[in-house]
Amino acid sequence: MKLATLRNGSRDGQLIVVSRDLSQAVLVPEIASTLQAALDNWQLIAPQLTAVYDQLNSGNHPHSFTFEQAQCESPLPRAFQWADGSAYVNHVELVRKARGAEIPESFWTDPLMYQGGSDDFIGPREDILLPSDEWGVDFEAEVAVITDDVPMGTRAEHAGSHIKLVMLVNDVSLRGLIPGELAKGFGFFQSKPASAFSPVAVTPDELSDHWQQNKLHLPLLSEYNDKPFGKPQAGEDMTFDFAQLIAHAAKSRNLGAGAIIGSGTVSNKQGTEHGSAIDEGGVGYSCIAEVRMIETIRDGQPTTPFMSFGDKVKIHMQDHQGQCIFGTIEQTVKQA
């Protein structure tokens, strides 16, 4: 099943069911007015939404209309919880290596995670508005899941059953502000502005064999200023799967229905010490910072600049038939 949120002038938008090929959609106010309302009572609501989805895909729904991704909010325009992990330890290892530091052994057994701002997400086709482009503006292409209620203390072997929807995310980062914040010893805040999620959120069963062991096994595609930038396999080199990330988040607290858990920047080892860009025959990268890390390790200093006003990013994912699964995140950095 595929779900999206139509912009309607309210804070939480209007829930719609979207066809498998992303061509048609249906309003479902008689079932649930918002995605959060559906998640609050998922066990009862999901079968009703699935029935609409099946009818829509058969071409027999009398009230279907053309689906326009540009009219969508992020599936949850705001959320009670947005916690982003760093499941690809290769990415963390590069960060450390670029500044001459070894990675602690605990990073391979205990996930990194930060609490993101969730009161204001950006729409998937909305501009990234910032006061300055001198703060080291970067995109981060990631996968994220939405859960139902997760009780405190839920173990990893049971946490996967709480995953109800999967989507993509651009976790915008202000790299120039991060060192000063981390030096205070209290984590990210100003360096993590609003994130954007894919137009469509998808149930795991819709992903078929591409969803295995609580990981999404497809390339995550990103383009930067209309050029291919990254195509790493999201299921490879993921040290912690989503069940492990959920269990980590729920160790000492309950997670409410609608909690969003991110994977962190998707990153592949690529079999070489210095990685490899797409034009060099590699799978590329999912953020500019990783390119700069490679340049620092290889050349002693980075040369690729971060994003400036007018720069564009596109993030999406296709199945093996070339069908876009989640819709596309397409954003331009502009001055607020």
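A residue is called buried when its relative accessible area is under 20%, exposed when that area is over 50%, and partly exposed in between, as judged with a 1.4 Å probe on protein chains only. Helices (H or I, at least four residues) and strands (E, at least two) are DSSP runs, numbered from the N terminus. The model described here is predicted, and for that reason local features need pLDDT of at least 70 and side-chain atom pairs count only at pLDDT 80 or more, while totals for chains, interfaces and linings use all residues. Residues are numbered from 1 along each chain as its sequence is written, and side-chain values use heavy atoms, with hydrogens and water left out.

Helix α6 spans residues 242-249 and is mostly covered, with six of its eight residues buried. The buried residues of α6 are Phe242, Ala243, Leu245, Ile246, Ala247 and Ala249. Contact is defined as heavy atoms within 4.5 Å. The elements that cover the buried residues of α6 include β6 (113-115), β9 (141-147), α4 (156-159), β10 (163-170), β14 (211-212) and β18 (260-262). A polar contact is a pair of N or O atoms within 3.5 Å; within protein, one must be able to donate a hydrogen and the other to accept it, and residues adjacent in sequence count only if both atoms are side-chain atoms. The N-terminal end of α6 is capped by Asp241, a side-chain oxygen of which lies 2.9 Å from the backbone nitrogen of Ala243. In the loop between α6 and β18 lies Ser252. Ser252 has a relative accessible area of 58% and is therefore exposed.

Strand β10, one of the elements covering α6, has eight of its eight residues buried, so β10 is largely enclosed by the rest of the structure. Strands of a sheet pair through backbone hydrogen bonds, either parallel or antiparallel. In the present analysis, two strands pair if DSSP finds at least two bridges between them. Strands β9 and β10 run antiparallel and are joined by seven bridges, with Thr147 opposite Ile163 in β10. Strand β10 also pairs in the antiparallel sense with β12 (residues 196-197), over two bridges; here Asn170 stands opposite Ala196 in β12.

An open sheet is formed by five strands in the order β7-β20-β19-β16-β17, with mixed pairing. Its edge strands, each pairing on one side only, are β7 (128-130) and β17 (227-230). From one strand to the next, the twist averages 25 degrees, where axes are lines fitted to C-alpha atoms, for helices over the stretch in contact, and angles run from 0 to 180 degrees between N-to-C directions. Strands β7 and β20 (residues 329-335) run parallel and are joined by three bridges, and Ile128 has Val333 in β20 as its bridge partner. By contrast, β19 (residues 312-316) pairs with β20 in the antiparallel sense over four bridges, and the bridge partner of Ile315 in β20 is Ile329. Strand β16 (residues 221-224) pairs with β17 in the antiparallel sense over three bridges, with Tyr224 opposite Lys227 in β17.

Most residues other than glycine have a negative phi, and most peptide bonds are trans. Asn225, in the loop between β16 and β17, has a positive phi near 50 degrees. With a relative accessible area of 29%, Asn225 is partly exposed. Ser208, located in the loop between β13 (200-202) and β14, likewise has a positive phi, of about 55 degrees, although it is not a glycine. The relative accessible area of Ser208 is 49%, so Ser208 is partly exposed.

Open space was examined on a 1 Å grid over the protein atoms alone: a cavity is a set of points where a 1.4 Å probe fits but cannot get out, a pocket is an open set with protein on both sides within 12 Å along at least five of seven lines, and lining residues have an atom within 4 Å of a point. Grid points are joined across faces, edges and corners, and a volume is the space filled by probe spheres set on the points. The largest pocket holds about 970 Å³ of space. It is lined by 32 residues, of which Val95, Arg175, Ile178, Leu182 and Phe188 are the closest to its centre. The largest share of this lining, five residues, comes from α3. Arg175 is also joined to Asp138 by a polar contact of 2.9 Å between their side chains. Asp138 lies in strand β8 (residues 137-138) and counts as buried at 0% relative accessibility.
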